[in-house]
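Subject: Structure handover

Hello,

Here is the structure I promised. Please open it next to this note and follow along.

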Amino acid sequence: MNMVIEFLSYPYFLSEIQDNDVLASTSHHGATGTEKWSISLEHLLDDAEGVRRFREFLKSEFSEENVLFWIECEDFKKTQDIERLRDKAKHIYGTYLSSKSSTQVNVEGQSRLSESMLEQPHPLMFQKLQDQIFNLMKFDSYSRFLRSDIFMKSKRLEESGSEETVAKRASRIYNT
């Protein structure tokens, strides 16, 4: 993934920052916007606007925590400082994996994670759980997203915007 996550300052976590703080790469062999999103879930998650729209869709299905967990795990894997890694591990566990959490993700194996493991975190400690959530999104939510009103509206707006651009360009060419 080429997703780059920019934090305003520590200790902000992904669930607390705005969608605009997620930056992403912009091209894949000429595909843009909704066309790129429909290629694969990976491409959708690699696009800031795609993530925003997917989050909006998941929120409507009461499962936004899945993509938030996945994004926070991506950031977690890139964390170098052990104190920050420990803090983020505790945050991820408390927010998404603890039985006491109101935003708990539905994954197998979370019971094997104990709070004592959070004291000595490693960047891949959530990888299997993150993979489960990715597959859940890929084989369940993603296909519904591509048929959703949110996606279709984005696609129509994108298409009408590109038609306007062509029309404006033609007007500019013929009226000069």
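Start with Glu 61. Leaving aside neighbours within four places in sequence, Glu 61 is in contact with Ser 141 and Arg 144 (contact means heavy atoms within 4.5 Å). The side chains of Glu 61 and Arg 144 are joined by a polar contact of 2.6 Å. A polar contact is a pair of N or O atoms within 3.5 Å; within protein, one must be able to donate a hydrogen and the other to accept it, and residues adjacent in sequence count only if both atoms are side-chain atoms. Glu 61 and Ser 141 sit 80 residues apart in sequence, yet 8.8 Å apart in space, C-alpha to C-alpha. Glu 61 is found in the loop between H3 and H4. With a relative accessible area of 26%, Glu 61 is partly exposed (buried is under 20%, exposed over 50%, partly exposed in between, with a 1.4 Å probe and protein chains only).

A word on the source. This is a predicted model: local features need pLDDT of at least 70, side-chain atom pairs count only at pLDDT 80 or more, and totals for chains, interfaces and linings use all residues. Residues are numbered from 1 along each chain as its sequence is written, and side-chain values use heavy atoms, with hydrogens and water left out.

Now the helices (DSSP runs of H or I, at least four residues, numbered from the N terminus). Helix H3 covers residues 48–60, and its axis lies 7 Å from that of H4, at an angle of about 140 degrees. That makes H3 oblique to H4. Angles under 35 degrees count as roughly parallel, over 145 as roughly antiparallel, 65 to 115 as roughly perpendicular and the rest as oblique. Axes are lines fitted to C-alpha atoms, for helices over the stretch in contact, and angles run from 0 to 180 degrees between N-to-C directions. From H3, Val 51, Phe 54, Arg 55, Leu 58 and Lys 59 meet Glu 64, Val 67, Leu 68 and Ile 71 in H4.

H4 (residues 64–77) also packs on H6 (residues 127–147): their axes come within 9 Å and cross at roughly 140 degrees. H4 is therefore oblique to H6.

Last, Thr 34, in helix H1 (residues 33–37). Thr 34 counts as buried, at 4% relative accessibility. Its side chain makes a polar contact of 2.7 Å with that of Glu 158. Not counting residues up to four places away in sequence, Thr 34 touches Phe 151, Ser 154, Lys 155 and Glu 158.

Best wishes

Methods: Helix = DSSP H or I, 4+ residues; strand = E, 2+ residues; numbered from the N terminus.
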